Amino acid sequence: MPDDIIIDMPTDLRSGAHSFEVDFDPAPQAKGLAALTIDIPSSNKFPRPERCSPPRWKTPEFIFYYVVAAVILPIMVWVPIRLSSPSHVNYPFYDHKLSSGWLFGREVDNSDSQYRAFRNNIPALSFLVCIFLAIQSIYTRFALRSISHSLTHRLYLIPFLISFAILFLFGLHGASTLKIIFILTANYYIGKSLGHSRAGPLLTWIFNAAVLFFNEKNAGYRFATIHPSLGVLDAFEGIYPRWHVSFNITMLRLVSFNMDYYWACSSRNIPNSDSALSEKQRANTAHSLEHYSYKNYLAYVLYPPLYIAGPIITFNNFMWQLRRPTEFPTRAILNYFIRFLVCLFTMEFILHYIYVIAIKDAKAWRGDTPMEISMIGFWNLLIVWLKLLIPWRFFRLWALAGGIDPPENMVRCMVNNYSALGFWRSWHRSYNLWIVRYIYIPLGGTKNLAVTTVFVFSFVALWHDLSFRLLAWGWLVSLFILPELLASYLFPPSKHGEKPWYRHVCAMGAILNILMMISANLVGFVIGTDGMLYMVNQITGSWEGLRFLIGACCCIFVGVQFMFEYREEEMRRGIYRRC
């Protein structure tokens, strides 16, 4: 998988510093396998183990695991390729969804509308990035000449960022930009006028929830519904008229500004020194109140590199990076660019040889074996992971080149997860950090774990889409986390971790975790509840299906042992995290 080769974010892009909170030993720099996970964030609240187990990579146990992997992994690749062959009996049911490709004369499965919108516009987006960076560079030169070469901040960029953002929005959404500015302004005055009282956060949440609901219900509104004379504005739609579809990302920034301002009004934690702040400190440390201005608010909410899809950055973090900027080495950005390209071309290869999206959409699985049906589901999930990772890395790369370092969204490969809690910490990480700061902790966190977990995943589901399918996904995820919490309570590593059987019992529990995570995500993002019921019936409704399920569990057991040892290798090299 590309992201266990490109597994995580680059180094902090700062010489000698680490913005991601990773606990390092004063040991030599990690090399070999563990070097793939340097600078990965840690949300761990427990002390790291005093000692780690000796490496098992060369033991007879793991030699057996290598043999299993060498047999199973090629089969997992060959099965969907065979299902995607023009000679397959089900090919005529989905070939109409394929498009002309560019690799080795193959057609391409470009049928996923979400990824297609990004893939088809990569040249235009790349041109836009070049224009943005070129104008920002020219603006910076003239600004420094007219002000002072000794400036230690980049606040002079605010007028440029606002101007470029407004032009960008008019090109993207046309006259609907006026609707966006109106909503932004209303939210700003709610936050500023009520920032000193508890009514501020309450009204902020009510207002933004109502905006999302009415955006969805009215499909972004039309000017003609306000007054017939305004109908002429509806003709100017821009390149992407469905502004309300991506507004849920903007809504997170609106809440972030108002909540950060609310906490700043009562905060005494405002540093006076010029010492560098970590990523967590930038998010949690308030500014003096004059920095919560309308112009700074617009620059943050409409920041072009992150406007369309994120990653999500808090207002406090954004402003600290303008007030206390650091230089990003060109080599580090180029390395990240290469990693992005590897991910992009991996996705291209998959879409040209594995047509599981089209098969899923056309339900062209008649007569397929349980093994084949499960691989359709598995590879659909892998493509979902890649189709999110690639745009997020593109826009983060743009932000890094522009001088802003947002969180990395995907910090582990999808197939390198055995914990439901760890999975959600490493999937859409910037959103996870936002949830923790603005929902999970204010609701009580671990003090009300069951209630906050259900509320959080219900919010996440409805935030993605106001549909029962996503709500069912949120409830399933909440339910499936409970066994892991219960097992952690009954079999704590502090009590049983040294026992030889403990690792294997944990691996069996991880099998259940993985099967539940696959089921929940297939329901929420791939085939829905009806498709999932069909898949479960096909796998469990016959002896052949049950044999496959038992074999699959054995293979997952082997994979989990690799994951466990990989985490151990990270800790041996001085890296510790809970995901």
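Helices here are DSSP runs of at least four residues and strands are runs of at least two, numbered from the N terminus. With that in mind, open up the model, which is a predicted one, and start clicking.

**Stop 1: the whole thing**

Show the protein as a cartoon. You're looking at 24 helices and two strands. There are 579 residues, and 51% of them count as buried. The exposed surface comes to about 27,400 Å², with carbon and sulfur atoms supplying 66% of it. Now think about who touches whom: among contacts between residues at least 6 apart in sequence, 77% join residues at least 24 apart.

**Stop 2: colour by confidence**

The average is 82, and 83% of the residues score at least 70. Next, select residues 1-31, where the pLDDT is below 50; even so, the model gives this stretch 114 contacts beyond near neighbours in sequence. Residues 33-47 also stay under 50, and here the model has 57 contacts beyond four places in sequence.

**Stop 3: a cis bond**

Select Pro311, in the loop between α12 (304-307) and α13 (315-323). Is the peptide bond from Gly310 to Pro311 cis or trans? It's cis, with omega near 5 degrees. That's worth a look because most peptide bonds are trans.

**Stop 4**

Most residues other than glycine have a negative phi. Here are two residues that go the other way.

- Phe104 has phi near 55 degrees. You'll find Phe104 in the loop between β1 and β2 (107-108). Its relative accessibility is 65%, so Phe104 counts as exposed.
- His428 has a positive phi of about 55 degrees too. His428 lies in the loop between α17 (420-426) and α18 (429-440). With 7% relative accessibility, His428 counts as buried, because the cut-off for that is under 20%.

**Stop 5: a buried serine**

Go to Ser84, in the loop between α2 (60-83) and β1 (99-100). Is Ser84 buried or exposed? Its relative accessibility is 0%, so Ser84 counts as buried. Show what surrounds Ser84: leaving aside neighbours within four places in sequence, its contacts are Tyr91, Tyr94, Arg106, Tyr353, Ile354, Tyr355 and Ile359. Zoom in on Tyr355, whose backbone nitrogen lies 2.7 Å from a polar atom of the Ser84 side chain.

**Stop 6: the nonpolar core**

In soluble globular proteins, nonpolar side chains tend to be buried together. In this model, the largest nonpolar core has 135 residues. Which of them touch the most other members? Select Phe247, Ile390 and Trp434 to see them. Then highlight helix α16 (residues 370-401), which gives this core its largest share, 19 residues.

Stay with Ile390 for a moment. Not counting residues up to four places away in sequence, Ile390 touches Tyr115, Phe118, Phe340, Cys343, Leu344 and Met347. There's also a second, separate core of five residues, including Phe328, Ile333, Tyr336 and Leu400.

**Stop 7**

Finish with α19, residues 449-464. This helix has 16 residues and reaches 22 Å from its first C-alpha to its last, close to the 22 Å expected at 1.5 Å a residue. Which residues of α19 are buried? Select Thr452, Thr453, Val456, Phe457, Ser458, Phe459, Val460, Ala461 and Trp463.

Methods: Residues are numbered from 1 along each chain as its sequence is written. This is a predicted model: local features need pLDDT of at least 70, side-chain atom pairs count only at pLDDT 80 or more; totals for chains, interfaces and linings use all residues. Side-chain values use heavy atoms; hydrogens and water are left out. The expected span of a helix is 1.5 Å times one less than its number of residues. Buried means under 20% relative accessible area, exposed over 50%, partly exposed in between (1.4 Å probe, protein chains only). A nonpolar core is a set of buried Ala, Val, Leu, Ile, Met, Phe, Trp, Tyr and Cys residues joined through side-chain atoms within 4.5 Å. Contact means heavy atoms within 4.5 Å. Accessible areas come from the Shrake-Rupley method with a 1.4 Å probe; for residues, only the protein chains shown count as cover. A polar contact is a pair of N or O atoms within 3.5 Å; within protein, one must be able to donate a hydrogen and the other to accept it, and residues adjacent in sequence count only if both atoms are side-chain atoms. pLDDT is the predictor's confidence in each residue, from 0 to 100.
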